[in-house]
Amino acid sequence: MLFDMRVSPPELLGGLQSGLQGFVMYRVQERERPYLDGGRQKWLEAMDEAGVTHATLIAPPWYDKEKANEIISSITKEYKGRFIGSISLDINDGTKALHGLERCVRELGLRCLLLRPFLDR
């Protein structure tokens, strides 16, 4: 079993510059990245080919956090057991961040918290 800790779904990578693609995907960087253009099915095929059986889904720091949490929740529910959904929020938002955290755990079923205060401003 290979578990990848930093996987962003293709839905969250629109407009990504080619030089940054390696930052968001596992060790398939050396070859083509059909998952960016081919959508979720190509993304899953690339994971299978690389032997990645489980992954924690994260959102890029520039993506709208509420939308990202919804998308990640949807994917974790659709592929139950394969993905752990990571919560994206800006810890600098104080009380709003706490309410967002509570919502993500209780309503969206996300189980991991990703804090990047240096990127999330």
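I began with the largest pocket and sorted its lining by class: seven charged, three polar and three nonpolar residues. For the classes, I counted Ala, Val, Leu, Ile, Met, Phe, Trp, Tyr, Cys and Pro as nonpolar, Asp, Glu, Lys and Arg as charged, and the others, Gly among them, as polar. The model is predicted, so I kept its limits in view: local features need pLDDT of at least 70, side-chain atom pairs count only at pLDDT 80 or more, and totals for chains, interfaces and linings use all residues. Residues are numbered from 1 along each chain as its sequence is written, and side-chain values use heavy atoms, with hydrogens and water left out.

**Pocket**

I read a volume of about 260 Å³ for the largest pocket. Its lining has 13 residues, and Lys65, Glu66, Leu89, Lys96 and Gly100 are the closest to the centre. A pocket here is an open set of points on a 1 Å grid over the protein atoms alone, where a 1.4 Å probe fits, with protein on both sides within 12 Å along at least five of seven lines; lining residues have an atom within 4 Å of a point. The volume is the space filled by probe spheres set on the points, which are joined across faces, edges and corners.

Which element gives the largest share of the lining? Helix α3 does, with five residues. I also noted that α2 and α3 each supply at least two lining residues.

I then looked up Gly100, which sits in helix α3. From glycine 100 to glutamate 66 I read 8.3 Å between C-alpha atoms, across 34 residues of chain.

**Fold**

I listed three helices and four strands. Their order from the N terminus is β-α-β-α-β-α-β. Helices (H or I, at least four residues) and strands (E, at least two) are DSSP runs, numbered from the N terminus. Of 121 residues, 40% count as buried.

**Core**

The largest nonpolar core holds 19 residues; Trp43, Met47, Leu57, Ile72, Phe83 and Leu110 have the most contacts inside it. At least two core residues come from each of α1 (34-50), β2 (52-57), α2 (65-78), β3 (83-88) and α3 (95-106). Such a core is a set of buried Ala, Val, Leu, Ile, Met, Phe, Trp, Tyr and Cys residues joined through side-chain atoms within 4.5 Å.

I checked what leucine 110 touches, leaving out residues up to four places away in sequence: the list includes Asn69, Ile72, Ser86 and Cys104. Contact means heavy atoms within 4.5 Å.

Serine 86 came next, in strand β3. Serine 86 counts as buried because its relative accessibility is 1%. With the sequence limit of four places again, serine 86 touches Leu57, Ile72 and Leu110, among others.

**Loop**

Last, I looked up glycine 109, in the loop between α3 and β4 (112-114). Glycine 109 counts as partly exposed, at 42% relative accessibility.

Terms used: Buried < 20%, exposed > 50% of the residue type's maximum accessible area, 1.4 Å probe, protein only.
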